[in-house]
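Subject: Structure for you to look at

Hi there,

Here is the structure I promised to pass on, with my notes on what turned up in it. Please open it alongside this email and follow the residues as you read.

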Amino acid sequence: MASTHGAAQVLVASNRGPVTYTLDEKSGDLTSKRGGGGLVSGLSAIDPESGAVWVCSALGDGDREAVRRGVAEPGVRMLDIPADVHSDAYNGVANSTLWFVHHMLYQTPLEPVFDAEFRRQWASYETYNRAFAEALDQEAADGAAVLVQDYHLTLVPRMLRELRPDLRIGHFSHTPWAPVDYFRLLPDDIAAQVLDGILGADRAAFLTQRWADAFTECCHAVLGPGTPSGTRIGVHGLGADADFLRARAHEADVDDRMAALREQIGTAPDGTPRRTIVRVDRTELSKNIVRGLHAYRQLLDDQPSWRERVVHVAFAYPSRQDLAVYRDYTAEVQRVADDINERYGTPGWTPVVLHVKDDFARSLAAYRLADVALVNPIRDGMNLVAKEVPVVSDEGCVLVLSREAGAFEELGDDSVVVNPYDVVGTAGALHEALSVPVDERAERTKRLAAAATALPPTQWFLDQLRALEG
C-alpha cells in the first residue's frame, strides 16, 4: 500500500521560523525578511534532494496574513495558530513559566502561583504543541528525521511519536536545564509531562554536559530510576560562525559605526584612547545587565584612577516588551545608566554609553573595539556573545565571564570568571581585566577564539542530524 505521508526527509520545528512577513496596512502588500542563525545555516548545508521542511508558527499579523493568502517560501510551513492560543502558550507558559524555571528567575515568596488561570494557559500550550505534531506528521516522509527545538515545544516529541512511530525524532534545548529542586516548582503532573514529552524523542540534546546531567537528574527524581530509558542524551556546544563574523565585521557600515563609537568614547585627559568595557545583550532578565552596571559603578568607586580613562559601552536591546516585567527591567537598565552618568560624568566624559536600538553593525563595531567584554548572566544556555567578541576583536580583549553561562564550560580557563550575583567581585574582575598586559590579552583572545569556533553553526546542526540518523 502506498504511503500517505509527506515527502520531507529532514524536518525542523521551532516557534520562530526562518522568515517573517510584514503587512503594509495601507497597500495590503506583504514583505518578507529572512533570518539567520545555526538552523538556517544547517538546513542550507544538507542535500537539496531531501525536501527539507521547516515547521514554525505565525508570530504576527503579517505572518498570519501570509498563511491565509497561501504565501510561503519553499520548504517553510507556517502554522496559523489562533493568536490567543499562541499568546497563552508563548507568553503564559513558555516565556513566563518554563523560561523562568530553567533560568531560576522567580522571587519564590510571591511566585510562581499555579492557579486555574495557569491551567487554562497550559491547555493552550498542549494545543499549540499538538498543532506542531500534526503538521510534522503530515509533512514527514516514512522514516524521516525530525529536529524539534526548545522549551516552546517540549510536548511535541511524545505527541509525534504516538502519531508516527517510524520517525527519528530529536529534541534540542537551547536553554539551561533547571536543577531538580527548582524544576520541581512545577506542578508534579506538569513536570512529568514536560519530561515525558521530551523523552518521546530518540535523542535529547543540550548545549553543555551540565544541562544534560540536570535533565537526567530531573528524570530520575520525577519519573523514577531508570529514566530516561530508550532516549539517548547528547551534547552539542553551539559555536560562533567565524567566517561570517569576520567578513561582516569589516564591511563599510561597521567601520562607520566604529568611527561614531570612538567619537562617543573620546580620549583620556592625557590624550590616550580610553579603555572600553563592552556588553551586548537583549534586556532579558537572565542577562544580569543591572548588576553589571552596579559592578561598573563599584569599579569607579573602588578604583578612582579609572575615572575618565574607561567607558562602559552597553548595548541593551529591548526584549519581550509585551510582558510588564521586561518593560520594568528595561526601564531600570536606563535608570541605573543615567544615574552613573549623572554621578560620575564630566563635560568631557560619559561613563556609560548606552544604546537600546538593535543595530547588528554597531554591535560588531563594539566587539572590535572591546578591551574587556562583560558577559555576566545569572544563567544562560550558552551565550554566543562570549564566543563572538574574541573572534572579531581587533586588538584582543579580556573576557569577564559568569560561571553560570554555558560558555564557561569551554571558555572559563582563559576568562576572568565571576559569580554573577557578586557585584564587588565583578568590579574586582573588571579591574583585573583592564590591567591585563597587551601581549597576554592577545594570547588569551587567540585561545578563546579557537574554542569559540570549534563547532560552528552548520557543523552543530549536521552533527545532531548524523547522531539522530546513526
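Let me begin with arginine 164, which is buried at 1% relative accessibility; here buried means under 20% relative accessible area, exposed over 50% and partly exposed in between, with a 1.4 Å probe and protein chains only. This is a predicted model, in which local features need pLDDT of at least 70 and side-chain atom pairs count only at pLDDT 80 or more, while totals for chains, interfaces and linings use all residues. Residues are numbered from 1 along each chain as its sequence is written, and side-chain values use heavy atoms, with hydrogens and water left out.

**Salt bridges**

Arginine 164 forms a salt bridge with aspartate 137, their closest N and O atoms being 3.4 Å apart. Aspartate 137 belongs to helix α4 and arginine 164 to the loop between α5 (156-163) and β7 (168-173), so this pair ties together parts that are 27 residues apart in sequence. For the terms: a salt bridge is a side-chain nitrogen of Lys or Arg within 4 Å of a carboxyl oxygen of Asp or Glu, while helices (H or I, at least four residues) and strands (E, at least two) are DSSP runs numbered from the N terminus. The pair also belongs to a network of salt bridges that links Asp137, Asp142, Arg164 and Asp166. The structure holds 33 salt bridges.

Another one joins arginine 368 to aspartate 255, at 3.0 Å from N to O. Arginine 368 sits in helix α13 (residues 360-369) and aspartate 255 in helix α10, so parts 113 residues apart in sequence are tied together. Arginine 368 is buried, at 10% relative accessible area, whereas aspartate 255 is partly exposed at 36%.

Within helix α4 (residues 116-139), arginine 120 and glutamate 117 are three residues apart, or about one helical turn. They form a salt bridge with the closest N and O atoms 2.7 Å apart. Both ends are partly exposed: arginine 120 has 41% relative accessibility and glutamate 117 has 38%.

**A buried arginine without a salt bridge**

What does arginine 274 have for a partner, given that it is buried yet has no salt bridge? The nearest side chain of opposite charge, glutamate 308, is 4.3 Å away (Lys and Arg count as positive and Asp and Glu as negative; His and the chain ends are not counted). The side chain of arginine 274 does reach the backbone oxygen of isoleucine 265, at 2.7 Å. Arginine 274 is in the loop between α10 (252-265) and β10 (275-282). Leaving aside neighbours within four places in sequence, its contacts (heavy atoms within 4.5 Å) include Thr267, Glu308, Trp349 and Asp371.

Glutamate 308 deserves a look of its own. It has a positive phi of about 70 degrees although it is not a glycine, and its place is in the loop between α11 (289-302) and β11. Glutamate 308 is partly exposed, at 26% relative accessible area.

Eight of the eight residues of β11 (residues 310-317) are buried, so the strand is largely enclosed by the rest of the structure. Val310, His312, Ala314 and Ala316 are on one side, with Val311, Val313, Phe315 and Tyr317 on the other. β10 and β11 pair in the parallel sense over eight bridges; strands pair if DSSP finds at least two bridges between them. Valine 313 in β11 is the bridge partner of valine 278.

In helix α8 (residues 209-223), the buried residues include Trp211, Phe215 and Cys218. Among the elements that cover the buried residues of α8 are α7 (188-198) and β9 (232-235). Just after α8, glycine 224 takes a positive phi of about 110 degrees.

**Backbone points to check**

Most residues other than glycine have a negative phi, and most peptide bonds are trans. A cis peptide bond joins glutamate 111 and proline 112, with omega about 5 degrees; proline 112 is in the loop between α3 (83-103) and α4. Another cis bond joins threonine 227 and proline 228, with omega about 0 degrees, and proline 228 lies in the loop between α8 and β9. Methionine 104, in the loop between α3 and α4, has a positive phi of about 55 degrees although it is not a glycine.

Terms used. A polar contact is a pair of N or O atoms within 3.5 Å; within protein, one must be able to donate a hydrogen and the other to accept it, and residues adjacent in sequence count only if both atoms are side-chain atoms.
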